[in-house]
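Colleague: Could you walk me through this model? I have some questions about what is inside and what touches what.

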Amino acid sequence: MNIQTSVRADKAELQRLAREEAYATPLSEFHPGAPKLFQNDTLWPWFERLRKEEPVHYCTSAPIEPYWSVTKYNDIMHVDTNHGIFSSDSTLGGISIRDVPPGYDYPSFIAMDQPRHSAQRKTVSPMFTPAHLDELAVLIRARAGKVLDALPRNETFNFVDRVSIELTTQMLATLFDFPFEERRKLTRWSDVATALPKSGIVESAEQRRAEMDECAGYFTKLWNERVNAEPRNDLLSMMAHHDATRHMDPDNLMGNILLLIVGGNDTTRNTMSGSVLALNEYPEQYQKLRDNPDLIDSMVPEVIRWQTPLAHMRRTALEDTELGGKTIKKGDRVVMWYVSGNRDEEGIENPNEFIIDRARPRTHLSFGFGIHRCVGMRLAELQLKIVWQEMLKRFDNIEVVGEPKRVYSSFVRGIESLPVRIPA
């Protein structure tokens with residue numbers, strides 16, 4: 001039995017046991033937001049059962065405050081596009097299933113309601129215009145080629161570190177005009193910003209605070225430099241010279257910086273790793289891609305759906321409302337499980353299959369909808385497209401040779417390490 005066959009057999013047994021547990025557990029005891037389900041990749045049967053039996057489910061058995069799970073495509077769309085009823089505001093708890101820890105409630109435009117949200121979001125949107133993306137494409141291609149050409153042959157290495165983190169962190173450094181030689185600080189701050197206490201990423205709340213303070217101090221210095229210089233074409237300068245953001249207080253500045261770091265890091269990085277994993281799990285799709293590299297255009301949104309790099313977004317009800325036959329009370333937490341909606345047969349045809357030539361591959365929830373739809377989604381797609389174009393030019397196969405290590409989080413659906421080998 002080769003390594004890939006063994007990995008598939010182990011995964012099938014793990015999923016079988018997870019399915020048994022999910023269907024044996026009373027719905028009243030469900031906690032679909034348990035990070036362990038995501039770390040073990042055993043979340044699927046729990047959400048499958050909720051979609052079938054209780055698409056809008058109230059969880060009272062979690063070690064966190066009670067929350068509503070919204071698990072079907074159309075219900076998620078309803079919540080996401082009704083910002084007047086469902087708030088993102090950080091003062092009400094923010095955008096994650098767990099309330100923001102005291103002292104970390106940095107307001108960012110993704111965790112703001114109108115009218116402040118759109119005013120602040122518009123300051124950075126020029127970064128993602130078609131004309132500017134065309135300029136960035138040249139840089140992305142050159143960097144991708146350099147990183148890929150340096151990879152070893154016939155030797156196991158961690159794809160996440162050597163490719164996914166490296167390329168996304170280089171792009172983040174460019175977007176912020178951050179000192180390039182210190183770019184890995186951005187990766188670390190992104191990981192710390194979203195880390196749960198049991199994740200192993202930080203040892204204590206004190207360590208987390210110290211690292212977030214380091215981030216704030218570093219960016220405050222860069223901010224002061226940009227405010228006092230001529231406008232430049234980077235995210236910090238755009239915010240420093242726009243009326244809606246120029247006079248942000250330190251917490252608001254930190255919130256927007258962390259949002260842009262995490263948004264620019266996690267989505268692309270984890271989908272890049274997830275694409276290699278998905279194509280190994282579906283070798284017939286990998287062969288289809290080799291035979292017709294033009295399918296990259298539809299493979300990219302399909303893998304963004306398949307990976308769903310941010311598993312959920314949370315809102316807080318501003319008034320009593322009904323959804324899926326349930327009464328949601330003012331002040332209740334409402335969690336939109338994008339990861340579940342992306343596997344809903346009523347929204348997506350054959351959702352449990354990875355199909356790189358889907359007729360409508362952009363029918364997915366991974367970027368959100370409504371006013372909070374991901375501002376950098378076209379850049380994320382562009383990076384993934386170019387990386388795969390360059391990989392197919394160079395390598396006939398990137399072989400996954402062991403189990404991925406997944407992030408302990410029900411918010412970031414991430415991959416910490418992915419052992420791969422490129423045959424000589």
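Colleague: What percentage of the 424 residues in the protein do buried residues make up?
Modeller: Happy to start there, and please keep in mind that this is a predicted model. A residue counts as buried when its relative accessible area is under 20%. Of the 424 residues, the share that is buried comes to 57%.

Colleague: Good. How many helices and strands are there in the protein, and what share of its contacts join residues at least 24 apart?
Modeller: The protein has 15 helices and twelve strands. For the contacts, we take those between residues at least 6 apart in sequence. Of these, the share joining residues at least 24 apart is 71%.

Colleague: How many Å apart are the mean positions of the positive and negative charges?
Modeller: The surface first: the protein exposes about 17600 Å², and carbon and sulfur atoms supply 51% of that. As for the charges, there are 52 positive and 60 negative ones. Their mean positions are separated by 2 Å.

Colleague: Which residues have the most contacts inside the largest nonpolar core?
Modeller: The largest nonpolar core has 66 residues. Apart from that core lies another, of 42 residues, with Val 160, Leu 167, Ile 296 and Ile 356 among them. In the largest core, the residues with the most contacts are Phe 176, Phe 178, Phe 219 and Leu 379.

Colleague: Let me pick Phe 176. Which residues does Phe 176 touch, not counting those up to four places away in sequence?
Modeller: One of its partners is Phe 219, which is itself among the residues with the most contacts inside the largest core. Phe 176 also touches Arg 226 and Asp 234.

Colleague: Now helix H8. Which helices are included in what covers the buried residues of H8?
Modeller: H8 spans residues 184–194, and its buried residues are Leu 186, Thr 187, Trp 189, Ser 190, Asp 191 and Val 192. The cover over these residues includes helix H7 (159–176), helix H9 (205–227) and helix H11 (250–281).

Colleague: Thr 194 is found in helix H8 too. Is Thr 194 buried or partly exposed?
Modeller: Thr 194 touches Val 262, Asp 266 and Val 412, leaving out residues up to four places away in sequence. Ser 96 is 98 residues from Thr 194 in sequence, with 9.6 Å between their C-alpha atoms. The relative accessible area of Thr 194 is 24%, so Thr 194 is partly exposed.

Colleague: What about Pro 179: which residues is Pro 179 in contact with, leaving aside neighbours within four places?
Modeller: Pro 179 sits in the loop between H7 and H8. With a relative accessible area of 23%, Pro 179 is partly exposed. Its contacts are Tyr 218 and Leu 222.

Colleague: Last one: what is the phi of Thr 308 near, and where does Thr 308 lie?
Modeller: Thr 308 lies in the loop between helix H13 (296–307) and strand S5 (312–317). Its relative accessibility is 1%, so Thr 308 counts as buried. Asp 41, in the loop between helix H2 (35–39) and helix H3 (44–53), has a positive phi of about 60° although Asp 41 is not a glycine. For Thr 308, phi is positive as well, near 45°.

Notes. Residues numbered from 1 in each chain as written. Predicted model: local features only at pLDDT ≥ 70, side-chain atom pairs only at ≥ 80, totals over all residues. Heavy atoms only, no water. Helix = DSSP H or I, 4+ residues; strand = E, 2+ residues; numbered from the N terminus. Buried < 20%, exposed > 50% of the residue type's maximum accessible area, 1.4 Å probe, protein only. Contact = heavy atoms within 4.5 Å. Areas by Shrake-Rupley, 256 points an atom, 1.4 Å probe, with all protein chains shown as cover. Lys, Arg positive; Asp, Glu negative; His and termini not counted. Charge placed at Lys NZ, Arg CZ, Asp CG, Glu CD. Core = buried A, V, L, I, M, F, W, Y, C linked by side-chain atoms within 4.5 Å.
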